[in-house]
Amino acid sequence: MYTLVVSEKPAAAKKIAEALADGKPVKGTINKVAYYKITKDDKDIVVGCSAGHLYGLAQKKKGGMQYPVFDIQWTELKDVSKKSAFSDKYLKVLKKLAKDADDVVVGTDLDTEGEVIGLNIVRYVCKRKDAKRMRFSTLTTDDLRKAYAEASPTLDWGLALAGETRHFLDYYYGINMSRALTTAIKKAGMFKILSAGRVQGPALKILVDREKSIQDFTATPFWKVELVTKEFSAWHQADKIWKEKEAKEILANTKGQKKAIVDKTAQRQYTQQPPHPFDLTTLQTESYRCFGINPKATLSIAQDLYTSGYISYPRTSSQQLPVAIGYASIKKKLEKKYGDLVKLTGPTPHNGKKTDPAHPAIYPTGSIPRALDGRNLKVYDLIVKRFLASFGKIAKRETVTLTLNVNQELFIAKGTRTIEKGWHDIYAPYVKQEEVELPSLKEKDEVKIKKITKHDLETAPPKRYTPSSIIKELEKRNLGTKATRADIVDRLVMRSYVKGEHLEATELGVHVCDVLDKYCPKMVDEDLTRHFEEEMEQIREEKKK
């Protein structure tokens, strides 16, 4: 007899076994699936692994494309999706390992999906009503040993039931509405798999509404007048001028003038606090800004870095680093590669307001990767520098404003420069600050004019969302979860509802959205899915059932 520890992925199983073993783990394989036998404190432990979900929801009675379907149950994933046939070998191994186990400890990822994976393994594989639960945010030896020693006596039932509720809701709305759409288009003489969902619908509507506003946009002309000197440019204080006649009058008033007189100078200094530690959404948007890596790929890279033991769990909405992670210890380990930057850090991080009940903000464990390259190395470097920058000193910048008088026409020049870099030095090269330094001038000084130009411009339509900005928008509207938003956007592209790097709603996407809006408006109503998210949070907190 032994204790069975169940991990979510093979790489995690290996890390858990190595961390808990008093000696060296003994690796076994069944049908090429690895498991590990170890001894800890004279007790036998077997560490087995899942491969993500092993069970999926399916209707009890087979009926093809019928809808609506509400009579559903958890079924082995291989029977739900042909693409998931590989999961069967992991399921069979866990069933075999569970037979002789007298105790079960769940060591899956600590989030709603991980808890549902663990719940299904406990009740359908291990044939138990409950199990112990390890809680950890990194796959480091110290964290895993602590998580095992302090394992809670039960599953996190709030998290498990909130996760199961999400799966049921997604099936009821997603499968039924997708079948309705696909059947409808088939009756119209075309076969195409269409899909909709309680989060996918509102997300599509946001993109379609933006596309319609772009299509309906009518440009309005305006003018700006620029004064150019040898060293800098200034713009007429009127800024956007909506009548060309007025712009021409400014040109006439300044025609032939060779000098501008400094009418007024103003200086303003301000500080920039260090950045908050990364939550998942901020990591995804920053990775897109710095490297052009789309959010789904960034999450995949971060997940690999986590399972390799280099960073903490990435699916977090927290912007806070608790003292318990050991700031000094992590920074000491990072000195091997980032020593010069570590020296610039202070004792405490600049935490943000966002929290997560299960995990802290994303941080490097201090374990230095030996062989990272390409995008993985870029994302790792970004995470390390963001972590260190959050401990950095305040940066100070200065904005100088010059008001220039040319025959009573006033032009404004602004320049901003960094006077104390502070955390900028740590976060380089990811700091994006425009440095414009104006010459040192005082009132009544004269500046030579090179030219004064009228610019013919027009208003621009709203910008399309990028994969990064739509995720930020979904988070702002509380639609979807930190772990699912990138997948939702990906699915919209896969269904040909949107296209391009700047997400343009296609004709099909617009039609699907219009049909849903007309005949089933709740499917594109963000208030409905926001209501679900709020109630699922109450289930997680065990305030609702």
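User: How many disulfides does a search of the whole structure find?

Analyst: The search comes back with 0 disulfides. Keep in mind that this is a predicted model. A disulfide is a covalent bond between the sulfur atoms of two cysteines.

User: What makes Cys126 a cysteine in no disulfide?

Analyst: Look at the distance. The nearest cysteine sulfur belongs to Cys49, and it is 13 Å away. A disulfide needs the two sulfur atoms within 2.5 Å, so Cys126 is in no disulfide.

User: And is Cys126 buried or exposed?

Analyst: Cys126 has 10% relative accessibility. Buried means under 20%, so Cys126 counts as buried.

User: Why is Cys520 called partly exposed?

Analyst: Its relative accessible area is 25%. Buried would need under 20% and exposed over 50%, so Cys520 lands in between, as partly exposed.

User: Okay, on to Asp156. Where is it, and why does it count as buried?

Analyst: Asp156 sits in the loop between helix 4 (141-149) and helix 5 (157-187). Its relative accessibility is 19%, and the limit is under 20%, so Asp156 counts as buried.

User: How do you know that the side chain of Asp156 makes a polar contact with the side chain of Arg135?

Analyst: The distance is 3.3 Å. A polar contact takes a pair of N or O atoms within 3.5 Å, one able to donate a hydrogen and the other to accept it, so this pair of side chains qualifies. Leaving aside neighbours within four places in sequence, Asp156 is in contact with Glu115, Arg133 and Arg135.

User: Why are helix 10 and helix 11 called roughly perpendicular?

Analyst: Helix 10 (residues 327-342) and helix 11 (residues 374-389) pack at an angle of about 95°, and their axes are 11 Å apart. Angles from 65 to 115 degrees count as roughly perpendicular, so that is the name for this pair. Among the residues making the contact are Ile330, Leu334 and Tyr338 of helix 10, and Leu377, Tyr380 and Val384 of helix 11. The residues of this contact divide into 10 nonpolar, no polar and 4 charged.

User: What is the phi of Lys127, and why is Lys127 called exposed?

Analyst: Lys127 has a positive phi of about 60°, although it is not a glycine. You'll find Lys127 in the loop between helix 3 (112-125) and strand 8 (132-133). Its relative accessible area is 67%; exposed means over 50%, so Lys127 is exposed.

User: What about Asp239: where is it, and what makes it partly exposed?

Analyst: Asp239 is in the loop between strand 10 (233-236) and helix 7 (244-254). Its phi is also positive, near 60°, and Asp239 is a residue other than glycine. With a relative accessible area of 38%, Asp239 falls between the 20% and 50% limits, so it is partly exposed.

User: Which peptide bond to Pro68 is cis, and where is Pro68?

Analyst: The one from Tyr67 to Pro68, with omega near 0°. Pro68 lies in the loop between strand 5 (55-59) and strand 6 (72-76). A cis peptide bond also joins Ala428 and Pro429, with omega about 5°. Pro429 is placed in the loop between helix 12 (424-427) and strand 14 (446-448).

User: Finally, how many helices and strands does the chain have?

Analyst: The chain has 16 helices and 17 strands. Of its 545 residues, 50% count as buried.

Key:
Residues are numbered from 1 along each chain as its sequence is written. This is a predicted model: local features need pLDDT of at least 70, side-chain atom pairs count only at pLDDT 80 or more; totals for chains, interfaces and linings use all residues. Side-chain values use heavy atoms; hydrogens and water are left out. Helices (H or I, at least four residues) and strands (E, at least two) are DSSP runs, numbered from the N terminus. Buried means under 20% relative accessible area, exposed over 50%, partly exposed in between (1.4 Å probe, protein chains only). Contact means heavy atoms within 4.5 Å. Axes are lines fitted to C-alpha atoms, for helices over the stretch in contact, and angles run from 0 to 180 degrees between N-to-C directions. Angles under 35 degrees count as roughly parallel, over 145 as roughly antiparallel, 65 to 115 as roughly perpendicular and the rest as oblique. Ala, Val, Leu, Ile, Met, Phe, Trp, Tyr, Cys and Pro count as nonpolar, Asp, Glu, Lys and Arg as charged, and the others, Gly among them, as polar.
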